[in-house]
Amino acid sequence: MNIIVRSFEERDLPAMREIWNHVVDEANAFPQEEGLGAEEADPFFAGQTVSAVAEDTESGRIVGLYILHPNNVGRCGHLANASYAVAPGIRGQHIGEKLVLDCLQQATAHGFRVLQFNAVVAGNGAARHLYEKLGFTLLGTVPGGFRLKDGSYEDICLYYKNLV
């Protein structure tokens, strides 16, 4: 695969929605309990500071995405937050790393000073390994902060990275 990360276009929305909803349905990474409907996808992705896709230029297939937005408002509006998703069946091929690296550049370009993750599920070892490899700092753990699909609870980890 030859992966490029670029801003999303309207034609990408069906693939983006499919990837996003798959992660929501897996119920082990995103806090949302309901996926995006066809009418909700465009305003959701268009409403972010940045929504980007990972495209396999050989096939034209969208294989991942991220959203970047403020983590808070006002005096904390310089803190960003992001979510990443890679299509099932092709994870482990460094697509997530390309998404995070592009996101870091975009966060800096948009004037954010910190990228903070509020709820990385402790059992999401691939994400945690990637964030730590890229220099994110583990702030701490919230015991039982994430409710899994089966109703049990798992810890969440908070990470941040200074951008300046």
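1. A salt bridge joins the side chains of R6 and E9, at 3.9 Å from N to O. The term salt bridge stands for a side-chain nitrogen of Lys or Arg within 4 Å of a carboxyl oxygen of Asp or Glu. By this rule there are seven salt bridges.

2. This is a predicted model, in which local features need pLDDT of at least 70, side-chain atom pairs count only at pLDDT 80 or more, and totals for chains, interfaces and linings use all residues. Residues are numbered from 1 along each chain as its sequence is written, and side-chain values use heavy atoms, with hydrogens and water left out.

3. R6 is buried, at a relative accessible area of 15%, whereas E9 is partly exposed, at 35%. Buried means under 20% relative accessible area, exposed over 50%, and partly exposed in between (1.4 Å probe, protein chains only).

4. E9 also forms a salt bridge with R11, where the closest N and O atoms are 2.6 Å apart. R11 counts as exposed, with 56% relative accessibility.

5. Another salt bridge pairs R147 with E33, and here the closest N and O atoms are 2.7 Å apart. R147 belongs to strand β6 (residues 137-147) and E33 to the loop between α1 (13-26) and α2 (38-46), so the pair ties together parts 114 residues apart in sequence. Helices (H or I, at least four residues) and strands (E, at least two) are DSSP runs, numbered from the N terminus. R147 is partly exposed, with a relative accessible area of 41%, and E33 is exposed, at 56% relative accessibility.
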